[in-house]
Every structure is written in C-alpha cells, then in structure tokens.
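The sequence and the model are shown first, and the description follows.

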Amino acid sequence: MELYSEIIGDVVIVRVRGDHLDAGTVEDFKAAADPVLEKGLQVVFDLQTLNFIDSSGIGAIISCLRKINTRGGDLKLCGLSRPVRSLFELVRMHRIFDIFENSDEAVAAFARP
C-alpha cells in the first residue's frame, strides 16, 4: 500500500495507491499514513484506486480521522468507487465522513465556514 501526498495551501491531499484496503494491507496503510497525517490538520484521502475495502480498512480510516480530530483538524474523503461508496453507505460511514466526488471539491469544502 502506497500513499502519495500533495499540499495545496493548508490542505494535504493523500492519494491512496492500491486496489484494496483490507486485513492484509491495513498495517501497511497505517504505517504509511502516520507520517502523512503529521503534515497538516486539513487532510483529504483520495481513494479512487480502491475497489474493495473491508471492516479493518474502514477501521484504519476511522483511526486516521481520530488522530486528526484530536489535534483539532478534519479528514475528508473523495473519489470513492461504487463498491466502496456502497459499503460506506451500508455501514453509515457517510454520516461520519464528508465524502466528495474529487479532491478539488474536498479542498474547496475546507474553505467554507
């Protein structure tokens, strides 16, 4: 699992590179995410390459949200594929996360009051 980050203004965009985030890849994801989360308080995870996520993957993303929230920041998601979005809606994660179609929309949402 690889993560690439880009900083636009005060927002860190994290592009997740991998087809799935599950029990087999979650530890790699967490190890890669920790240093990236330290780069800012406004973070966007771009998940467009993910086609599958399981409960451990969702748990890892929630853990990232908690880390950001404890420092006073926020985490937004974008680029969810249809299967990933369906799972997020099924387990009501769309109530916890702000989800956007693309990173431009997610970054713009940080500018809104």
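Phe-29 counts as buried because its relative accessibility is 0%, where buried means under 20% relative accessible area, exposed over 50% and partly exposed in between, with a 1.4 Å probe and protein chains only. Phe-45 is likewise buried, at 0% relative accessibility. The model is predicted: local features need pLDDT of at least 70 and side-chain atom pairs pLDDT 80 or more, while totals for chains, interfaces and linings use all residues. Residues are numbered from 1 along each chain as its sequence is written, and side-chain values use heavy atoms, leaving out hydrogens and water.

Two aromatic pairs are present in the structure; rings of Phe, Tyr and Trp (its six-membered ring) pair if their centres lie within 6.5 Å, and planes under 30 degrees apart count as stacked, over 60 as edge-to-face and the rest as tilted. The rings of Phe-29 and Phe-45 form an edge-to-face pair, because their centres are 5.8 Å apart and their planes stand at 85 degrees. Since Phe-29 belongs to helix H1 and Phe-45 to strand E4, the pair ties together parts that are 16 residues apart in sequence. Helices (H or I, at least four residues) and strands (E, at least two) are DSSP runs, numbered from the N terminus.

Another ring takes part in a contact with a charge: the charged end of Lys-76 sits over the ring of Phe-110, 4.7 Å from its centre. This term requires NZ of Lys or CZ of Arg within 6 Å of the ring centre and within 35 degrees of the ring normal.

Five strands make up an open sheet in the order E1-E2-E4-E6-E7, with mixed pairing; two strands pair if DSSP finds at least two bridges between them. E1 and strand E7 (98-100) are the edge strands, each pairing on one side only. Strands E1 (residues 2-8) and E2 (residues 11-17) run antiparallel and are joined by seven bridges. They form a hairpin with two residues between them, and Gly-9 in the turn has a positive phi of about 65 degrees. Two of the bridge partners are listed below.

| Residue | Bridge partner in E2 |
|---|---|
| Leu-3 | Val-16 |
| Tyr-4 | Arg-15 |

Helix H2 (residues 55-70) has 16 residues and should span 22 Å at 1.5 Å a residue, which agrees with the 22 Å between its end C-alpha atoms; the expected span is 1.5 Å times one less than the number of residues. Its buried residues include Gly-57, Ile-61, Cys-64 and Ile-68. Just after H2, Gly-72 adopts a positive phi of about 90 degrees.
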